[in-house]
Amino acid sequence: MKQLKTLAFAALVVTLFGLHQTVSATQMKTVESAQSIVLKDLGLKANQVRFKEVDFDKGIYEIDLVADNVEYDYDIQASTGKILKKKSKTLTVTKSTPTSTQPKKTTVAVTIAMEQAKTIALKDAGLTANEVRFKEVDLEKGVYEIEAIADDTKFDYKINGTTGQITKKKVELLTAGKR
(Lines give C-alpha, C1' and ligand atoms only; values in the text may rest on other atoms or scores of the structure.)
Protein backbone atom coordinates (compact mmCIF):
# COMPACT_ATOMS: atom_id res chain seq x y z
CA MET A 1 0.00 0.00 0.00
CA LYS A 2 2.86 2.36 0.87
CA GLN A 3 4.49 1.69 -2.52
CA LEU A 4 1.20 2.42 -4.27
CA LYS A 5 0.93 5.80 -2.50
CA THR A 6 4.56 6.58 -3.39
CA LEU A 7 3.94 5.70 -7.04
CA ALA A 8 0.74 7.77 -7.12
CA PHE A 9 2.60 10.74 -5.59
CA ALA A 10 5.43 10.38 -8.11
CA ALA A 11 2.91 10.29 -10.98
CA LEU A 12 1.25 13.43 -9.63
CA VAL A 13 4.61 15.24 -9.42
CA VAL A 14 5.51 14.23 -12.99
CA THR A 15 2.08 15.36 -14.24
CA LEU A 16 2.34 18.71 -12.47
CA PHE A 17 5.89 19.22 -13.75
CA GLY A 18 4.72 18.51 -17.30
CA LEU A 19 1.89 21.02 -16.96
CA HIS A 20 4.34 23.59 -15.60
CA GLN A 21 6.54 23.11 -18.68
CA THR A 22 3.54 23.61 -20.98
CA VAL A 23 2.54 26.83 -19.25
CA SER A 24 6.11 28.14 -19.46
CA ALA A 25 6.25 27.44 -23.17
CA THR A 26 3.05 29.40 -23.79
CA GLN A 27 4.39 32.37 -21.84
CA MET A 28 7.30 32.77 -24.25
CA LYS A 29 8.31 36.39 -24.86
CA THR A 30 7.81 37.96 -28.29
CA VAL A 31 10.47 39.60 -30.44
CA GLU A 32 9.02 42.97 -29.50
CA SER A 33 9.22 42.26 -25.77
CA ALA A 34 12.83 41.03 -26.15
CA GLN A 35 13.68 44.27 -27.98
CA SER A 36 11.96 46.26 -25.22
CA ILE A 37 14.07 44.48 -22.60
CA VAL A 38 17.23 45.51 -24.47
CA LEU A 39 16.04 49.11 -24.87
CA LYS A 40 15.16 49.32 -21.18
CA ASP A 41 18.57 47.90 -20.21
CA LEU A 42 20.30 50.51 -22.39
CA GLY A 43 18.00 53.32 -21.25
CA LEU A 44 17.19 54.16 -24.87
CA LYS A 45 14.10 54.47 -27.07
CA ALA A 46 13.49 52.62 -30.33
CA ASN A 47 14.12 55.75 -32.41
CA GLN A 48 17.61 56.05 -30.87
CA VAL A 49 18.85 52.67 -32.11
CA ARG A 50 19.12 50.66 -35.31
CA PHE A 51 18.38 46.95 -34.90
CA LYS A 52 20.76 45.10 -37.20
CA GLU A 53 19.72 41.52 -36.53
CA VAL A 54 17.21 39.62 -34.44
CA ASP A 55 17.47 35.81 -34.39
CA PHE A 56 15.56 33.21 -32.41
CA ASP A 57 17.28 29.90 -31.75
CA LYS A 58 16.68 27.29 -29.05
CA GLY A 59 14.59 29.59 -26.89
CA ILE A 60 17.03 32.51 -27.04
CA TYR A 61 16.68 35.81 -28.87
CA GLU A 62 20.00 37.04 -30.24
CA ILE A 63 19.72 40.79 -30.80
CA ASP A 64 22.36 42.98 -32.46
CA LEU A 65 21.87 46.74 -32.58
CA VAL A 66 23.78 49.99 -32.98
CA ALA A 67 23.36 53.20 -30.98
CA ASP A 68 25.69 56.22 -30.79
CA ASN A 69 28.53 54.49 -32.66
CA VAL A 70 28.41 51.48 -30.29
CA GLU A 71 27.39 48.00 -31.41
CA TYR A 72 25.55 45.89 -28.83
CA ASP A 73 25.05 42.13 -28.81
CA TYR A 74 22.40 40.69 -26.46
CA ASP A 75 21.09 37.19 -25.76
CA ILE A 76 17.65 37.16 -24.11
CA GLN A 77 16.04 34.01 -22.66
CA ALA A 78 12.64 33.90 -24.39
CA SER A 79 10.75 32.16 -21.60
CA THR A 80 11.86 34.51 -18.81
CA GLY A 81 13.10 37.70 -20.48
CA LYS A 82 16.40 37.34 -18.61
CA ILE A 83 19.50 38.88 -20.20
CA LEU A 84 21.93 35.99 -20.66
CA LYS A 85 24.68 37.85 -22.51
CA LYS A 86 25.47 41.49 -23.14
CA LYS A 87 28.47 42.72 -25.13
CA SER A 88 29.33 46.06 -26.62
CA LYS A 89 32.07 47.46 -28.78
CA THR A 90 32.74 50.95 -29.99
CA LEU A 91 32.73 51.20 -33.75
CA THR A 92 35.71 53.01 -35.18
CA VAL A 93 35.29 55.33 -38.09
CA THR A 94 38.27 55.13 -40.38
CA LYS A 95 38.96 57.53 -43.16
CA SER A 96 40.79 55.94 -46.02
CA THR A 97 41.46 56.93 -49.55
CA PRO A 98 40.24 54.31 -51.98
CA THR A 99 42.89 52.90 -54.28
CA SER A 100 42.57 50.63 -57.25
CA THR A 101 43.11 47.56 -55.01
CA GLN A 102 40.76 48.75 -52.27
CA PRO A 103 37.01 48.45 -52.97
CA LYS A 104 34.94 51.51 -52.16
CA LYS A 105 32.59 50.91 -49.25
CA THR A 106 29.02 52.01 -49.72
CA THR A 107 26.43 52.61 -47.05
CA VAL A 108 22.81 51.93 -47.84
CA ALA A 109 20.38 54.20 -46.03
CA VAL A 110 17.10 52.59 -45.08
CA THR A 111 13.86 54.50 -44.63
CA ILE A 112 11.73 51.53 -43.57
CA ALA A 113 11.99 50.58 -39.88
CA MET A 114 12.24 46.93 -38.85
CA GLU A 115 8.68 46.96 -37.49
CA GLN A 116 7.38 48.35 -40.80
CA ALA A 117 9.17 45.59 -42.73
CA LYS A 118 7.59 42.96 -40.47
CA THR A 119 4.16 44.57 -41.01
CA ILE A 120 4.67 44.44 -44.79
CA ALA A 121 5.50 40.71 -44.59
CA LEU A 122 2.52 40.01 -42.32
CA LYS A 123 0.12 41.86 -44.61
CA ASP A 124 1.39 39.96 -47.65
CA ALA A 125 1.04 36.63 -45.83
CA GLY A 126 -2.47 37.57 -44.64
CA LEU A 127 -1.49 37.05 -41.00
CA THR A 128 -1.35 39.05 -37.78
CA ALA A 129 1.57 39.34 -35.36
CA ASN A 130 -0.28 37.07 -32.93
CA GLU A 131 -0.40 34.28 -35.51
CA VAL A 132 3.34 34.10 -36.24
CA ARG A 133 6.66 33.67 -34.50
CA PHE A 134 9.45 35.72 -36.05
CA LYS A 135 12.45 33.43 -36.10
CA GLU A 136 14.86 35.86 -37.74
CA VAL A 137 14.83 39.50 -38.79
CA ASP A 138 18.06 40.81 -40.33
CA LEU A 139 19.05 44.00 -42.08
CA GLU A 140 21.84 43.39 -44.54
CA LYS A 141 22.95 45.78 -47.29
CA GLY A 142 19.68 47.70 -47.10
CA VAL A 143 17.48 44.60 -47.35
CA TYR A 144 15.41 43.13 -44.53
CA GLU A 145 15.50 39.34 -44.41
CA ILE A 146 12.52 38.07 -42.45
CA GLU A 147 11.81 34.48 -41.45
CA ALA A 148 8.53 33.75 -39.70
CA ILE A 149 6.63 30.61 -38.77
CA ALA A 150 2.85 30.27 -38.53
CA ASP A 151 1.46 26.87 -37.57
CA ASP A 152 3.07 24.48 -40.06
CA THR A 153 4.22 27.10 -42.60
CA LYS A 154 7.52 28.98 -42.85
CA PHE A 155 7.64 32.36 -44.60
CA ASP A 156 10.88 33.90 -45.89
CA TYR A 157 10.81 37.47 -47.16
CA LYS A 158 13.35 39.92 -48.51
CA ILE A 159 12.09 43.50 -48.30
CA ASN A 160 13.83 46.56 -49.71
CA GLY A 161 14.71 48.79 -46.74
CA THR A 162 14.25 51.98 -48.74
CA THR A 163 11.07 51.30 -50.72
CA GLY A 164 9.36 48.60 -48.64
CA GLN A 165 8.95 46.49 -51.78
CA ILE A 166 9.01 42.70 -51.38
CA THR A 167 11.89 41.54 -53.56
CA LYS A 168 11.71 37.83 -52.71
CA LYS A 169 9.17 35.58 -51.04
CA LYS A 170 9.32 31.90 -50.20
CA VAL A 171 6.60 29.86 -48.48
CA GLU A 172 7.44 26.39 -47.22
CA LEU A 173 5.27 23.74 -45.55
CA LEU A 174 7.14 22.39 -42.51
CA THR A 175 7.31 18.83 -41.31
CA ALA A 176 6.92 18.09 -37.60
CA GLY A 177 10.71 18.05 -37.01
CA LYS A 178 11.41 21.50 -38.51
CA ARG A 179 9.07 23.60 -36.38
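Tutor: Happy to! Keep in mind that this is a predicted model. Let's begin inside. The largest nonpolar core has 34 residues, and those touching the most other members are Tyr61, Ile63, Leu65, Tyr74, Phe134, Tyr144 and Ile146. Several elements each supply at least two residues of this core: the helices H2 (31–42) and H3 (114–125), together with the strands E1 (50–57), E2 (60–67), E3 (70–77), E5 (133–140), E6 (143–150) and E7 (153–160). H2 gives the most, with five residues.

Now pick out Ile146 and follow its surroundings. Setting aside neighbours within four places in sequence, Ile146 is in contact with Ala117, Lys118, Ala121, Phe134, Glu136, Val137, Phe155, Asp156, Tyr157 and Ile159. One of these partners, Phe134, is also listed with Ile146 among the residues that touch the most other core members.

Next, look at the loops that link some of these strands. Lys58 sits in the loop between E1 and E2, and Lys141 is found in the loop between E5 and E6. What is the backbone angle phi of Lys58, which is not a glycine? For Lys58, phi is positive, about 50°. Lys141 is not a glycine either, and has a positive phi of about 55°.

Note on methods: Residues are numbered from 1 along each chain as its sequence is written. This is a predicted model: local features need pLDDT of at least 70, side-chain atom pairs count only at pLDDT 80 or more; totals for chains, interfaces and linings use all residues. Side-chain values use heavy atoms; hydrogens and water are left out. A nonpolar core is a set of buried Ala, Val, Leu, Ile, Met, Phe, Trp, Tyr and Cys residues joined through side-chain atoms within 4.5 Å. Buried means under 20% relative accessible area, exposed over 50%, partly exposed in between (1.4 Å probe, protein chains only). Helices (H or I, at least four residues) and strands (E, at least two) are DSSP runs, numbered from the N terminus. Contact means heavy atoms within 4.5 Å.
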